[in-house]
Amino acid sequence: MVGPADVDRLARSMLALLGHDDDEHPTATREATGTWSKAPDFASDPERAAAVKEASARDRERYLTAGLTPVDCRFCHVTVAVKKLGAGHTAVQWSSEATQRCATFAEVRANGGDSSRSKSCPRLSDSIRHAVAEGCLEEQSSAPSPGDG
Ligand SMILES: [Zn+2]
């Protein structure tokens with residue numbers, strides 16, 4: 001029996017996956033507000049109802065991860081969420097914790113720089129390249145880019 005509470009728990013565990021291992025900062029989790037009350041009533045068909053709930057949970061999981069793959073910086077061991085958009089194109093999502101912990105960004109801050117203006121940790125870029133080379137990152141765009149055989 002999978003209820004909304006289980007879905008919520010799943011959603012949270014997916015979020016935890018994207019973040020770093022220790023969860024120090026309280027994250028504002030969105031409440032599941034009335035999602036199920038608005039859904040059609042399958043009370044007469046419990047099997048169908050279960051299937052619908054399961055599909056919704058899968059959708060939510062897919063939305064949360066949406067092609068994001070956690071990649072560890074091999075140098076400073078922070079985890080960021082990476083999405084491969086195409087050949088040589090990756091989108092990197094830094095959590096605030098990762099930004100805090102990254103040694104490169106810490107150095108920038110120590111030197112009076114603005115870490116938010118540094119695009120990325122070069123060590124992490126390296127780690128991402130490795131992840132791509134090892135096939136750890138799946139390309140999201142299915143459309144072939146023109147002029148790129
Ligand atoms: Zn780093």
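Visitor: What does pLDDT express, and which element of the protein has the highest mean pLDDT?

Guide: pLDDT is the predictor's confidence in each residue, on a scale from 0 to 100. This model is predicted, and the protein averages a pLDDT of 73, with 60% of the residues scoring at least 70. Among the elements, helix H2 (residues 35–38) has the lowest mean, 51. The highest mean, 89, belongs to strand S1 (residues 69–72).

Visitor: Which residue in the turn between S1 and S2 has a positive phi?

Guide: S1 and S2 pair in the antiparallel sense over 4 bridges, and Pro-70 stands opposite Ala-81 in S2. The two strands form a hairpin with 6 residues between them. In that turn, the residue with a positive phi, about 60°, is His-77.

Visitor: How many bridges join S2 to S3?

Guide: S2 and S3 form a hairpin with 2 residues between them, and Gly-88 in the turn has a positive phi of about 75°. Val-82 stands opposite Val-92 in S3. The strands run antiparallel, and the number of bridges joining them is 5.

Visitor: Which element gives the most residues to the largest nonpolar core?

Guide: The largest nonpolar core has 14 residues, and Val-80 and Val-82 are among those with the most contacts inside it. Strand S2 (79–86) and helix H6 (122–133) each give two or more residues to this core. The element that gives the most, with 3 residues, is S2.

Technical notes
Residues numbered from 1 in each chain as written. Predicted model: local features only at pLDDT ≥ 70, side-chain atom pairs only at ≥ 80, totals over all residues. Core = buried A, V, L, I, M, F, W, Y, C linked by C-beta atoms within 7 Å. Buried ≥ 20, exposed ≤ 12 C-beta atoms within 10 Å, placed from the backbone. Pairing = 2+ DSSP bridges.
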